Amino acid sequence: MSERSNPLGDYVRARRELVTPEQAGIPVLGVRRVPGLRREEVAMLAGISADYYLRLEQGRDRNPSVQVLESLARVLRLDDAATAYLLSLAAAEPRRRRRRPRKESVPPGVAQLVTTLPLPAYVEGRYLDVLAANALATALSPRLVPGANRLRDAFLDPAEQALYPEWESAGAGMVAGFRASVGTDTDDPRFIELVGELSLASPRFSRLWARHDVNACEGEPKRIDHPQLGVLRLNRERLGVGGGRTLVIYHPDPGSDDAEKLTLLAAATQPPYDAEQPTLLVTATQPSQDREPSRPSPVTVPRRWR
């Protein structure tokens, strides 16, 4: 990111191209050469001059009023999260580029909490790096281990993508959540490196990133297609633990088949035991970076899931 970067103008331009004339109530006459709305159309609908809007989009006016931004948010059909993001871009002050990425870590108390939770839980940083994870989270996805990056695994690892039946929407939601997490802190070398790598390696990530979607993705249930236990529908809670870090916890509806499946998965994280009934091997790993090689543990699977 150079000193001439224009995140506010880039965001407004990207969102302008996603709003159709029909959505804005503008009659379509003839062939339109640009996707979405024209600059002058946005300016007219927002009640500002076309020249002022052009300066704003080109980064020549970096101090728009809240009223102007809220008018633009209305025209661009932004929800509350996206509007807050737009306002934060205008309020951000120029900062010196950091020479080294900030190393994120987990407070000892939070790390201990994660290991004692009876549900799949992990801590992720601002750039979706996995900072801590318990054994049940790793049993849910082998990529949920300290040192992994959720975004990189989701777009570059086919095995991770296979866990999500609704991968198209899951990937879009993850990118939108990532942008919300980063906010205006786009001068960090860690951010630049990650976005650059994924933009080159994944055309889908590049397209989603260009949309500038913003979504906190809080409290949304997820369907996970576990290779041994089948599809689980789990609720996901995201709790801030300070410093831009987030504690993520998956939990099933009480009394559901998903709860029973999760109980079986939890059994796989315990030491192996003998069983006479047909068994299913589920591999679980420990969250510590110094963990020993994982060992398969037998889990009895009810006939209705086979």
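1. In this note a residue is called buried when its relative accessible area is under 20%, exposed when the value is over 50%, and partly exposed in between, with a 1.4 Å probe and protein chains only. By that rule, Arg-32 and Glu-41 are both buried. The structure is a predicted model, in which local features need pLDDT of at least 70 and side-chain atom pairs count only at pLDDT 80 or more, while totals for chains, interfaces and linings use all residues. Residues are numbered from 1 along each chain as its sequence is written, and side-chain values use heavy atoms, with hydrogens and water left out.

2. The next point concerns charged pairs. Side chains of opposite charge can pair when their charged atoms come close. A salt bridge is counted here when a side-chain nitrogen of Lys or Arg lies within 4 Å of a carboxyl oxygen of Asp or Glu, and the model holds 16 salt bridges by this rule. One of them links the side chains of Arg-32 and Glu-41, with 2.8 Å from N to O. Glu-41 also meets the side chain of Arg-38 in a salt bridge, at 3.3 Å from N to O. The two partners in this second pair can be set side by side: Glu-41 counts as buried because its relative accessibility is 8%, whereas Arg-38 is partly exposed because its relative accessible area is 28%.

3. Another salt bridge joins the side chains of Asp-213 and Arg-211, with an N to O distance of 2.9 Å. Asp-213 has a relative accessible area of 22%, so Asp-213 is partly exposed, and Arg-211, at 35%, is partly exposed as well. Through salt bridges that share partners, Arg-15, Arg-211 and Asp-213 belong to one network.

4. Helices (H or I, at least four residues) and strands (E, at least two) are taken as DSSP runs and numbered from the N terminus. In a regular strand the side chains alternate between the two faces of the sheet. Strand β1, residues 121-124, is covered on both faces, with Ala-121 and Val-123 buried on one side and Tyr-122 and Glu-124 buried on the other.

5. What partners does β1 have? Two strands pair if DSSP finds at least two bridges between them. β1 runs antiparallel to strand β5 (residues 246-251), to which four bridges join it, and Tyr-122 stands opposite Val-248 in β5. β1 also pairs in the antiparallel sense with strand β2 (residues 130-133), over three bridges, and here Tyr-122 stands opposite Ala-133. The hairpin formed by β1 and β2 has five residues between the strands, and Leu-128 in the turn has a positive phi of about 65°.

6. Helix α11, residues 167-182, has 16 residues and reaches 22 Å from its first C-alpha to its last, close to the expected 22 Å, a span defined as 1.5 Å times one less than the number of residues. Its buried residues include Trp-167, Met-174, Phe-178 and Arg-179, and the buried residues of α11 pack against α6, α9, α10, α12 and α13. After α11 comes Gly-183, whose phi is positive, near 65°.

7. Apart from neighbours within four places in sequence, Glu-160 is in contact (heavy atoms within 4.5 Å) with Ser-141, Arg-143, Arg-150, Asp-153 and Ala-154.
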